[in-house]
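Work through the exercises below with the sequence and the coordinates open. Try each task before reading its solution.

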Amino acid sequence: MIPFKIGQPKKQIVSKTVERDFEREYDKLQKLEDQTKKLHKDMKKSTEADLAMSKAAVKISADLLSNPLCDQDQTFLESMTALDTAMKRMDSFNQEKVNQIQKTVIDPLKKYSGVFPSLNMAVKRREQALQDYKRLQSKVEKYEEKERTGPTMVKLHQAREELRPVREDFEVKNKQLLDEMPKFYHSRIDYFQPSFEALIRAQVMYFTEMYKIFSELTDQIDQAGLTDEQRERETEAKLSELRALSIVADD
């Protein structure tokens with residue numbers, strides 16, 4: 001006797017509404033996972049760029065301070081010293097800002113991302129339970145369709161007994177996910193709101209300090225009170241004088 005092939009059950013064991021609800025909620029969480037990972041990556045890039053910027057500014061001011069012109073011109077030396085001090089203060093505040101963002105935004109994002117593998121595993125276990133449920137339901141249906149002989153009835157009873165715990169296991173897993181996935185999705189607001197508020201505060205504090213630093217720097221080095229346009233014309237006039245020198249004249 002050739003054993004019958006177990007296929008898909010005829011009985012619909014999960015309604016289309018339930019399956020549609022499940023797919024909708026899980027799709028929202030998959031998008032949330034992608035967005036969380038992207039935000040974490042972008043925040044890291046942003047803080048790395050911030051640090052690189054302030055370190056480069058410190059390097060530029062140090063190079064200017066070591067320029068031989070500082071040995072010849074006291075006013076230039078004072079301006080470059082003021083610039084160097086301002087850049088070092090900026091770098092210090094920037095480092096403090098980045099450390100704060102790391103603790104209040106980047107680390108929480110990483111921890112939040114760490115929850116998704118467990119969620120995805122729960123979904124896989126639910127899918128496996130569903131496949132087992134379908135397989136055993138199909139097996140029961142096949143025996144129900146066969147002639148009701150003694151051996152068939154024994155096998156039918158055994159199949160139903162085998163099906164019962166599998167069906168219950170799926171129903172528990174399915175209900176748990178349908179209950180908890182929406183709760184997890186909505187919890188993102190309460191979880192991330194403190195982080196984003198901390199990010200805004202860190203930025204406000206940093207730029208407030210930057211305003212103070214650069215206002216003081218302007219008072220120290222901008223004694224002539226020239227506008228950008230006047231400085232540009234002055235620079236062009238100096239450049240014209242240099243171009244008039246014979247050593248840079250075209251042959």
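A contact here means heavy atoms within 4.5 Å. The model is predicted.

**Exercise 1. Contact range**

Task: Find what share of the contacts with a separation of 6 or more comes from residues 24 or more positions apart.

Solution: 
- Keep the contacts in the protein chain with a separation of 6 or more.
- Among these, residues 24 or more positions apart account for 83%.

**Exercise 2. Fold and overall extent**

Task: List the elements of the protein chain in order, then compare its radius of gyration with the globule rule.

Solution: 
- Count the elements: six helices and zero strands.
- Read from the N terminus, they run α-α-α-α-α-α.
- The radius of gyration is 35 Å, while the globule rule gives 18 Å for 251 residues. The value is well over the rule, so the chain is more spread out than a compact globule.
- Along the principal axes, the C-alpha trace spans about 115 × 50 × 30 Å.

**Exercise 3. Surface and charge**

Task: Describe the burial, the accessible surface and the charges of the protein chain.

Solution: 
- Of the 251 residues, 29% count as buried.
- The accessible surface is about 17200 Å², and carbon and sulfur atoms hold 54% of that.
- There are 44 positive and 45 negative side chains. The centres of the two sets are 14 Å apart.

**Exercise 4. Annotated regions**

Solution: 
- Residues 15-49 are 97% helix and 0% strand, with end C-alpha atoms 51 Å apart.
- Residues 119-146 are 96% helix and 0% strand, with end C-alpha atoms 41 Å apart.

**Exercise 5. Arg 126**

Task: Is Arg 126 buried or exposed, and which residues does Arg 126 touch beyond four places in sequence?

Solution: 
- Locate Arg 126 in helix α4, residues 116-145.
- Its relative accessible area is 1%. The cut-off for buried is under 20%. Arg 126 is therefore buried.
- Beyond four places in sequence, Arg 126 touches Glu 19, Phe 22, Phe 170, Lys 173, Asn 174 and Leu 177.
- Asp 169 is 43 residues away from Arg 126 in sequence, and their C-alpha atoms are 8.7 Å apart.

**Exercise 6. His 40**

Task: Why does His 40 count as buried, and what is in contact with His 40 beyond four places in sequence?

Solution: 
- His 40 counts as buried because its relative accessibility is 16%, with buried meaning under 20%.
- Beyond four places in sequence, its contacts are Ile 106, Leu 109 and Lys 110.

Methods: Residues are numbered from 1 along each chain as its sequence is written. This is a predicted model: local features need pLDDT of at least 70, side-chain atom pairs count only at pLDDT 80 or more; totals for chains, interfaces and linings use all residues. Side-chain values use heavy atoms; hydrogens and water are left out. Helices (H or I, at least four residues) and strands (E, at least two) are DSSP runs, numbered from the N terminus. The radius of gyration is taken over C-alpha atoms; the globule rule is 2.2 Å times the number of residues to the power 0.38. Buried means under 20% relative accessible area, exposed over 50%, partly exposed in between (1.4 Å probe, protein chains only). Accessible areas come from the Shrake-Rupley method with a 1.4 Å probe; for residues, only the protein chains shown count as cover. Lys and Arg count as positive and Asp and Glu as negative; His and the chain ends are not counted. The place of a charge is taken as NZ of Lys, CZ of Arg, CG of Asp or CD of Glu.
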